[in-house]
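Student: I'd like to learn how to read a protein model. Could you walk me through one?

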Amino acid sequence: MFKYKRIVMISLPLLFIGGLVAYRYWPDNADQPEENPMPGKAKSSTLNVQVCIAKEQKLVSSIPAVGTLLPNEEVDLTAESAGKVVGIYFEEGSRVKKGDLLLKVDDSDLLAQHQRASFQRKLLEEKLNRQRVLFEQEAVSREEYDQVQTDFNMVEADIALLDVKIAKTELRAPFDGLIGFREVSLGAYLQPGVLVSRLVDDNRLKVEFSIPEKYAGLPLINSKVSFTIEASDKEFTATVYAVDPRIDPETRTIMLRARCDRADSRLSAGMFARLNLITSQSEHSILLPTEAIVPEMGGKSVWKLVNGKAQSVPVETGERTDEQIEVLSGIEVGDTIITTGLMQIRSDASIHITDIK
């Protein structure tokens, strides 16, 4: 029995090795052709791709920037003459009209001087009239008449000077606007130049921003600006009206100011603005997806579909957006342009369209 088991243990490995050798060199298994997974059909060489149709679109070229909203006009209202405040005629944060009286400084001494000068003028006016009659009758000399005339003119000048000084005791609004906080109190003694309040014309706002110096040669005056603010998702517009003639030597930028076409309650002076300065705008540009452009040694090209076959066409490109690029020449409106599988395409390759953008 032991001998039988020993024979079996020796025979099994030999049989296994012999089977492997027979399988390796069996003639029916050698050079057997690969079975066609789809009998009766040849393997397909058509490439599945996505395409887009070239069409005219609106293209806006712009320069991004950031800026600050400024009031159309802003002024610090200050006292022009020294004296005690005897009247304050505005409410903080209220709207005022041009010429409205805002503050009054005591002018009693000036009024007294004005009244005195008025009496002198009346007296000299009567004396001048008498002297004129006498001078015409040659009853007085020319010198006497001229002296009275001079005295009258000097009184007239004194009265005019007093009128100016009295006017300076009144602080009036130089334009329509919104007045700020009051910085003085009734009864306070003002010195010339002391701040009374601040007046802001917020009926129209300005946007001040800067752009790199490389754009200095562009026609920037009357360019349109679109901008947004943090407080609103609405897009606002403005028009450039002034360009600083000097380039900042530290930042190498040009300062511009644009005026808003219309004031909006959501806009306020001092706000931060994200804006785009529109440099050109076209309604008839051909735009293609960026991935459709194939860079080459001599330029750029696209794959155009003609009668079901792919053809490489050189193109000239222009402006670029986030997802599209302008094509200036090489294709026409209505051409079918391949956008996927560009690395596998060969000239005159058969194309099967899976999607049209």
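Tutor: Gladly! Let's start with a term: a residue counts as exposed when its relative accessible area is over 50%, as buried when that area is under 20%, and as partly exposed in between. In this structure, which is a predicted model, Asn-307 has a relative accessibility of 78%, so Asn-307 counts as exposed.

Student: Where is Asn-307 found?

Tutor: Asn-307 sits in the loop between β15 (299–306) and β16 (309–320). Its backbone deserves a look too. Most residues other than glycine have a negative phi. Asn-307 is not a glycine, yet its phi is positive, about 55°. Arg-252 also has a positive phi, near 55°. Arg-252 belongs to the loop between β11 (232–243) and β12 (253–260), and with 47% relative accessibility it counts as partly exposed.

Student: What does Ile-247 touch, leaving aside neighbours within four places in sequence?

Tutor: Ile-247 is in contact with Glu-213, Arg-252, Thr-253 and Ile-254. Ile-247 is found in the loop between β11 and β12, and at 32% relative accessibility it is partly exposed.

Student: How many helices and strands does the whole protein have?

Tutor: The protein has three helices and 19 strands. Of its 357 residues, 30% count as buried. Looking at contacts between residues at least 6 apart in sequence, 73% join residues at least 24 apart.

Student: How should I read salt bridges, and how many are there in the whole structure?

Tutor: The general idea is that side chains of opposite charge can pair when their charged atoms come close. A search of the whole structure finds eleven salt bridges. One of them joins Asp-202 and Arg-95, with the closest N and O atoms 3.0 Å apart. This pair links distant parts of the chain, with Asp-202 in strand β9 (residues 195–212) and Arg-95 in strand β4 (residues 95–96), 107 residues apart. Asp-202 is partly exposed at 24% relative accessibility, while Arg-95 is exposed at 52%.

Student: Are Lys-104 and Asp-107 buried or exposed?

Tutor: Both Lys-104 and Asp-107 are buried. Their side chains meet in a salt bridge of 2.8 Å, N to O. Lys-104 and Asp-107 are also linked with Glu-170 and Arg-172 in a network of salt bridges.

Another salt bridge joins Lys-304 and Asp-335, at 3.8 Å from N to O. Lys-304 lies in strand β15 and Asp-335 in the loop between β17 and β18 (336–338), so this pair ties together parts that are 31 residues apart in sequence. Lys-304 is buried at 18% relative accessible area, and Asp-335 is buried at 17%.

Notes:
Residues are numbered from 1 along each chain as its sequence is written. This is a predicted model: local features need pLDDT of at least 70, side-chain atom pairs count only at pLDDT 80 or more; totals for chains, interfaces and linings use all residues. Side-chain values use heavy atoms; hydrogens and water are left out. Helices (H or I, at least four residues) and strands (E, at least two) are DSSP runs, numbered from the N terminus. Buried means under 20% relative accessible area, exposed over 50%, partly exposed in between (1.4 Å probe, protein chains only). Contact means heavy atoms within 4.5 Å. A salt bridge is a side-chain nitrogen of Lys or Arg within 4 Å of a carboxyl oxygen of Asp or Glu.
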